[in-house]
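Here is my note on the model, point by point. Please keep the structure open while you read.

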Amino acid sequence: MTKSRIKTSELALLAMLTAILFVQETLLSSLPNIQLSVVLIMVYAATLGIPKATLVMTLHVLLDNMIWGSLNPLTACPMWLGWFILILIGFALKKAPLPIIVTGSVIGSLIYCWCFALFNYLFMDINIVAYITADILFEILMCCSSVVTVMFLYRPAERLINKYYENHINK
Amino acid sequence: MRKQLFIKIAIAVLVVAIAVSSVIIYKKLHTPVADVGGGVTIELVDLEGNKEEKRLDFDEGDTLFDLLCSNYEVTYEETGYGILLLGIDDIQTDFTSTYIAIYINGEYSNLGLSSIILEEGNVYSFREMRV
């Protein structure tokens, strides 16, 4: 019998983290770009590592697009790419001081928004400047939301997941 | 510790203020009202391709949404992203299996109903589409 590479308790944690990510985004969907997704994905990247955070994020992207009826390459691909870049940023900044992580969250938020602009420009032949101009308010809102949530929730969420790992998975 | 919390709260208040002012400024700059009066053509096209056309006049300060509401039976939802058009007269959609796409002079509109400005001579086509 081969040894499993992932423990049941860790699998349960990943499922729970996916549910939290998906439910908060669905609950906040009526508020444009006001979300906890950025802080959660950055914390997941810092605590779980890139492969597991990517797994959680991919499930979230699939669920989100299936629920909202936007499961097409033009929406799902830039969304996945945007979140994946945020995972890389979150992982790279995992030992950085909070102000740097907050800055990273703003850059990640902007890159996430621009991924949609880029895909629409490449495949829908839209005017990218007009798209970004029309999207600027939503970009500002996403950045503001990221700053506030990362500032207040990043460290507590990171501590909570690390504590769970210490008590249930790495013991 | 207290100083840190104070700094965080101050930054949060500043950021929220930036967000609120951005929304206010954006709304003021992007109110899609007509600069001058004129006339436009409104087309309704259902899934089978049946077309109904009307020539309508508008005044300065009118919006496309106002024009639709005063001439058709309009079903819509107000969302944080603007007005979500669900139905016009006999064309009724659920936004899950069918939706209404907007074309301006034959070109797909990247703007939603709340952001389109009325312009003299334009043809605004509302086409029922499958998702």
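1. Start with the five-stranded sheet of chain B. The sheet is open, its strand order is 2-1-8-6-7, and its pairing is mixed. Strand 2 and strand 7 (107-108) of chain B are the edges; each has a single partner strand, so one side of each has no neighbour in the sheet. Bear in mind throughout that this is a predicted model.

2. Next, one side of strand 1 in chain B. G39(B) has D57(B) of strand 2 of chain B as its bridge partner. V40(B) is bridged to L56(B) of strand 2 of chain B.

3. The hairpin deserves a look. Five residues lie between strand 1 and strand 2 of chain B. Within this hairpin, G49(B) adopts a positive phi near 90°.

4. Now the other pairing of strand 1. Which sense does strand 1 of chain B take with strand 8 (residues 123-130) of chain B, parallel or antiparallel? The pairing is parallel, over five bridges. In strand 8 of chain B, V123(B) is the bridge partner of T41(B). E43(B) stands opposite S125(B) of strand 8 of chain B.

5. Chain B has another sheet to check. Three strands form an open, antiparallel sheet in the order 3-4-5. Its edges are strand 3 (74-79) and strand 5 (91-92) of chain B, and each pairs on one side only. Strand 4 (residues 82-88) of chain B joins strand 5 of chain B through two bridges, in the antiparallel sense. There, I88(B) is opposite I91(B) of strand 5 of chain B.

6. On the domains of chain B: there are two in the assignment, domain 1 (1-30) and domain 2 (38-130). How many Å separate their C-alpha centres? The centres of domain 1 and domain 2 of chain B are 36 Å apart.

7. Turn to chain A and its helix 2. Helix 2 (residues 37-48) of chain A and helix 5 (residues 98-124) of chain A have axes that come within 11 Å and cross at roughly 115°. The crossing of helix 2 with helix 5 of chain A is right-handed. From helix 2 of chain A, the contact uses V38(A), V39(A) and M42(A). From helix 5 of chain A, I101(A), S105(A), G108(A) and S109(A) take part. By class, the contact of helix 2 with helix 5 of chain A holds four nonpolar, three polar and no charged residues.

8. Helix 2 of chain A also packs on helix 3 (residues 50-68) of chain A, at an angle of about 145° and with the axes 7 Å apart. The crossing of helix 2 and helix 3 of chain A is right-handed. I41(A), Y44(A), A45(A) and L48(A) of helix 2 of chain A meet I50(A), K52(A), A53(A), V56(A) and M57(A) of helix 3 of chain A. In this contact of helix 2 with helix 3 of chain A, eight residues are nonpolar, no residue is polar and one is charged.

9. What does each chain bring to the contact between them, in residues? Chain A supplies 15 residues and chain B supplies 17 residues. The chain A side of this contact divides into 13 nonpolar, two polar and no charged residues.

10. Last, confidence. Chain A has an average pLDDT of 93, and 98% of its residues score at least 70. In chain A, confidence is highest in helix 2, at 98, and lowest in helix 6 (residues 128-169), at a mean of 93. Chain B averages a pLDDT of 89, with 99% of its residues at 70 or above. For the model, ipTM is 0.77 and pTM is 0.75.

How values were computed
Residues numbered from 1 in each chain as written. Chains lettered and ligands numbered in written order. Predicted model: local features only at pLDDT ≥ 70, side-chain atom pairs only at ≥ 80, totals over all residues. Axes fitted to C-alpha atoms, helices over the stretch in contact; angles between N-to-C directions. Helix = DSSP H or I, 4+ residues; strand = E, 2+ residues; numbered from the N terminus. Left-handed = near helix turned anticlockwise from the far one by under 90°. Contact = placed C-beta atoms within 7 Å. Nonpolar A, V, L, I, M, F, W, Y, C, P; charged D, E, K, R; others polar. Domains from an automatic or database assignment. Pairing = 2+ DSSP bridges. pLDDT = per-residue confidence, 0-100.
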